[in-house]
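Dear colleague,

I am handing over the structure below, and I would be grateful if you could read it alongside the notes that follow. They set out what was found, grouped by topic.

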Amino acid sequence: MNIKSLLLGSAAALAVVSGAQAADAIVAAEPEPVEYVRVCDAYGTGYFYIPGTETCLKINGYIRFQVNVGEDVGGDSDWDAKTRGQVQFTAKSDTEYGPLTGVIVMQFNADNATDQEAKLDSAYLDVAGFRAGLFYSWWDDGLSGETDDIGSVVTLHNSIRYQYETSDFYAGISVDELEDGVYQGTFDDVTGDFTADDGPNNVGVAVGLGGKAGAFSYQVTAGWDVDNEDGAIRAMGTVDIGPGTLGLAGVYSSGPNSYYSSAEWAIAAEYAIKATDKLKITPGVQYYGNYFGGGTEVPEDFDGLGDAWKAGLTVDYQIVDNFYAKASVQWLDPEDGDDTTTGYFRLQRSF
C-alpha cells in the first residue's frame, strides 16, 4: 500500500513539473534572412551592390616592391628599396544626368619600418562630364616607357573639369589650383641660393583633346599658369608598326611654369616592342633644348641654359595574370652638368 501510494505521488509530481516546464519553454527565434552581395554588371567587371542600396562599388589596387639604383639614391647608399600599397574605391549609381561616380584612392609608401607616409592620392566626384576634386591632370600622361620627361613636376591638383568624350575622342577644359606647383625666381651665381619672385602658384587653366583612329592615337595638351604668366603645349602620338608601337612627343614652354619646366622645348621618341605575349622591350630617347631639370624652384626664363640628351631602356615581363616585373635604366647627359645613370627593378601585384 505504501509503495503504491509512493508511485502515484511521484507520477503526480512529475506531471506538475512537466506542465510547468512546458509552460515556460523558450521558443528560438527564426534566423533573419541573409542579404548576400549582388553582382553589379552595369559598369563593367568587379562591381557589386552595397547591401541595402542601388549604389555599385568596386575595390581594386596594387602592391609594389621596388629597388631604386643611382648615386646617393638612398642617402649615403647607391640603392634603396621601397614598398607601396594602393587601394581604390569607385562608387557608381544611376541618375537622371547619367552615372554619378565617386572615387577615393589611398596610397601608403614605406621606405623602411619607421619612414612611412599615408596620403590621399585622388578623391573626386564625376557626373555628366563634370569632375571636381583631387585628381591627376592630362599633363600626367606620357609615353608608355620610362624615358620621356614631358609632364609637370606636380600633376595632382584640386581641380574642376569638364570633358566631352566618345569611344574614339575626348576634349575638355580644367581650372587647376597650383599652389604646390613651381614658382619663378633668381639663383645666386655664387651661393646658389634661390630668391622667389612670389609665393607658390595659385591657379592655372588647361585644355586637352585626344582620340584614336585605327592603329593611331593622339593627344594634345596645353596649360596656362596664371601667376607665372607662362604656359606650355604638348603633342603626343602613337602608331602600331611591325612588332611594336612607335611613340613620338614634343613639348614647348614659353617660360618655366607649373605645366612644364624641365626645358624650353623637348622631343621624345620610343618604340615599344612586343617580343612575346608576356615580354615588352621599350628603348627611348629624348632631346631637351635649354634644359633646366626638375624641382619647384625655377628661373624666370630659359636664357643661357644648355641642352641635354636622355636615353633609356625599359623591360616589362608579365609573370602571371595581375603580377609583373619591370626593370628600367636611364642615362641623362646635360650640357651644363655631369651625366647620371639611374634605374630600378619593380615587382607589382594588381587586384
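Two strands are said to pair here if DSSP finds at least two bridges between them. With that in mind, please note that this is a predicted model.

I begin with the strands on either side of β8. Strand β8 and strand β9, the latter covering residues 169-177, pair in the antiparallel sense over seven bridges, and the two form a hairpin with three residues between them. Within this pairing, Tyr162 has Ile173 in β9 as its bridge partner. Strand β8 is also joined to strand β7 (residues 130-136), again by seven bridges and with the two running antiparallel; there, Ala132 stands opposite Ile160 in β8.

Next comes an open sheet of three strands, in the order β11-β10-β18, whose pairing is mixed. Its edge strands are β11 (194-196) and β18 (297-299), each of which pairs on one side only. Neighbouring strands of this sheet are turned by 55° against each other on average, with direction ignored. Between β10, which spans residues 183-187, and β11, the pairing is antiparallel and runs over three bridges, with Thr186 placed opposite Thr195 in β11.

The largest pocket has a volume of about 1700 Å³. It is lined by 42 residues, of which Arg64, Arg84, Asp140, Glu146 and Arg346 are the closest to its centre. The elements that give two or more residues to this lining are β3 (56-69), β4 (79-93), β5 (100-110), β6 (116-127), β20 (323-334) and β21 (340-350). By residue class, the lining of the largest pocket divides into nine nonpolar, 17 polar and 16 charged residues.

The second largest pocket holds about 270 Å³ of space. Of the 13 residues that line this second pocket, those closest to its centre are Thr101, Asp126, Gly129, Arg131 and Glu165. At least two lining residues each are supplied by β5, β6 and β8 (156-165), and the lining of the second largest pocket comprises five nonpolar, three polar and five charged residues.

Turning to the nonpolar residues, the largest nonpolar core has 20 residues, and those with the most contacts inside it are Trp139, Val251, Tyr259, Tyr260 and Tyr288. Strands β14 (230-241), β15 (244-253), β16 (263-274) and β17 (279-291) each supply at least two residues of this core, and the largest share, three residues, comes from β16. In soluble globular proteins, nonpolar side chains tend to be buried together.

As to where they sit, Ala128 lies in the loop between β6 and β7, whereas Asn290 is found in strand β17. Is Ala128 buried, partly exposed or exposed? With a relative accessible area of 45%, Ala128 counts as partly exposed, because that class lies between the cut-offs of under 20% for buried and over 50% for exposed.

With kind regards

Methods
Residues numbered from 1 in each chain as written. Predicted model: local features only at pLDDT ≥ 70, side-chain atom pairs only at ≥ 80, totals over all residues. Heavy atoms only, no water. Helix = DSSP H or I, 4+ residues; strand = E, 2+ residues; numbered from the N terminus. Axes fitted to C-alpha atoms, helices over the stretch in contact; angles between N-to-C directions. 1 Å grid on protein atoms, 1.4 Å probe; cavity = no way out; pocket = protein on both sides within 12 Å on 5 of 7 lines; lining within 4 Å. Points joined across faces, edges and corners; volume = space filled by probe spheres on them. Nonpolar A, V, L, I, M, F, W, Y, C, P; charged D, E, K, R; others polar. Core = buried A, V, L, I, M, F, W, Y, C linked by side-chain atoms within 4.5 Å. Buried < 20%, exposed > 50% of the residue type's maximum accessible area, 1.4 Å probe, protein only.
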